[in-house]
Amino acid sequence: MEYFLNEQQKTVKSLARMVAEQRILPVRAELDEKEEFPWDLIGEMANSDLMRIFIPEKYEGLGGGCLDLCLVVEELSRVCGGIAISYGANALGALALINYGTEEQKGKYLPDIAAGRRLTAFALTESTAGSDAANIRTVATREKGGYLINGTKQFITNGGEAEIYTIIAMTDPAKGSRGASALIVEKNTPGFSFGKKEKKMGIRSSATRELIFRDCRVPEENIIGREGLGFIIAIRTLDRSRPGVGAQAVGIAQGALEAAVDYARQRIQFGHPISSIQAVQHMLADMATELEAARALVYAVAKTIDAGAKSFTEEAAMAKVFATDMAMKVTTDAVQILGGAGYMRDYPVEKMMRDAKITQIYEGANQVIRNTIALELLKRKGRQE
Ligand SMILES: Cc1cc2nc3c(=O)[nH]c(=O)nc-3n(C[C@H](O)[C@H](O)[C@H](O)COP(=O)(O)OP(=O)(O)OC[C@H]3O[C@@H](n4cnc5c(N)ncnc54)[C@H](O)[C@@H]3O)c2cc1C
């Protein structure tokens, strides 16, 4: 479908497609197999200025919005969901700084992120606090001139590879969810180390790791916003990044649909290509229709955010849940269309199916995202605003 993207968006999309097809495609299977972080490709993306897209111009970025970011993530995901999330999590880690950081913080960190010199990560989840994020136990105790951090974060994308971490920690545990704060912690800060590196089902070239804080001191200027705003910053940051997970899902599904169409056209059974079988055609038709519906929703929500909407929790949640459920279905159907070949690593669809699964889980498991949508819906009694 023609989405009438502006010139910058068209350029961004074709640049990301070029990097994905020329640089990522030849190595995606190997990186997945070896579970290797794609440092060379991060370098390629930096050289192509893709890391600058979501950073404001004032800090050496290209000033792109949510839609620009979604277009890049979609194109990278069409070829490899794992490499795409290393890119996407870098944007997630930077978003709190961009939207709530001081001038000093932005001037200090954003130009390096724009140039791809330093990667970021966003750390909320802990072993006792996944969907129940308000149950985090990591504490940042106020002391003279700064904070003393103790605790462990789990499942952090870009963990170990990133240099700049936005973490959510309790600065006043007695206040519950109003006692959390967002803080910047740099790699190599004494008391900050990395624990278990996860071995995953999919997105295997991305790094997912524990962050361990043991008497880790950060100066007071590392707080983002002010004390007590941690969960508000986390929730609003996730509202802005959820369309990006939707875009990841759309990209993965697009790759799977193309692989399924190619295969159906060349696979001969009963003397004809299987693409001539109506049952296969109907599967492809449904895959394409559901994919386009998800893309349209993701783009519409991204445009709403870029137009300056004040509240978009429900819309961002809808884009995430709809696109990610679609991707799981479309990739599963793609494997089905390839039959036994689809189950083998010689073809990309088994990886796409593995990669799609995580999109239903992270940045809020889809059941929990549905709770969010229902809450918003019930608040306004189902009325269209
Ligand atoms: C590969 C990977 C990368 C990740 N990257 C990051 C990252 O960069 N930063 C970060 O902070 N976190 C990250 N996460 C964590 C991720 O956001 C959480 O895994 C996710 O929010 C779910 O939490 P959980 O795994 O603890 O599941 P749980 O909360 O234990 O949920 C288990 C199941 O119970 C269901 N459930 C729980 N509560 C409810 C409820 N109230 N209503 C209905 N159903 C419910 C869930 O939907 C799910 O199906 C990552 C996770 C993975 C696997």
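In this predicted model, strand E4 (residues 164–170) and strand E5 run antiparallel and are joined by seven bridges. Within this pairing, Ile-167 stands opposite Leu-183 in E5. Strand E5 also has a partner in strand E8 (residues 223–224), and these two strands pair in the antiparallel sense over two bridges. Strand E5 covers residues 180–186, and six of its seven residues are buried, so the strand is largely enclosed by the rest of the structure.

Strand E6 (residues 192–197) and E7 run antiparallel, with four bridges joining them. In this pairing, Phe-194 stands opposite Leu-211 in E7. Strand E7 (residues 208–219) pairs with E3 as well, in the antiparallel sense and over nine bridges. Here Thr-152 is the residue that stands opposite Ile-212 in E7.

The discussion now turns to the ligand. Twenty residues surround the ligand, and the closest are Thr-125, Ser-131, Phe-155, Thr-157 and Gln-367. In the side chain of Thr-125, an N or O atom is 2.7 Å from a nitrogen atom of the ligand. For Ser-131, an N or O atom of the side chain is 2.6 Å from an oxygen atom of the ligand. Phe-155 takes part through its backbone, where a polar atom is 2.8 Å from a nitrogen atom of the ligand. On its own, the ligand has 970 Å² of accessible area, of which the protein covers 65%.

Which elements give two or more residues to the shell around the ligand? They are strand E1 (120–123), strand E3 (146–157) and helix H11 (366–379). Sorted by class, the shell contains 11 nonpolar, seven polar and two charged residues. The position of the ligand can also be described in terms of domains. Both domain 2 (121–229) and domain 3 (231–379) give residues to the shell, so the ligand lies between them.

Two further residues complete this account. Arg-295 lies in helix H8 (residues 278–306). Because buried means under 20% relative accessible area, Arg-295 counts as buried at 8% relative accessibility. With which side chains does the side chain of Arg-295 make a polar contact? One partner is the side chain of Glu-74, at 3.0 Å, and another is the side chain of Gln-254, at 2.8 Å.

The second residue, Glu-60, lies in the loop between helix H3 (39–47) and helix H4 (66–79). Its relative accessible area is 47%, and Glu-60 is therefore partly exposed. The phi of Glu-60 is near 70°, a positive value in a residue other than glycine.

Key:
Residues numbered from 1 in each chain as written. Predicted model: local features only at pLDDT ≥ 70, side-chain atom pairs only at ≥ 80, totals over all residues. Heavy atoms only, no water. Near = heavy atom within 4 Å. Polar contact = N/O pair within 3.5 Å; in protein donor to acceptor, adjacent residues only side chain to side chain. Areas by Shrake-Rupley, 256 points an atom, 1.4 Å probe, with all protein chains shown as cover. Nonpolar A, V, L, I, M, F, W, Y, C, P; charged D, E, K, R; others polar. Domains from an automatic or database assignment. Pairing = 2+ DSSP bridges. Buried < 20%, exposed > 50% of the residue type's maximum accessible area, 1.4 Å probe, protein only.
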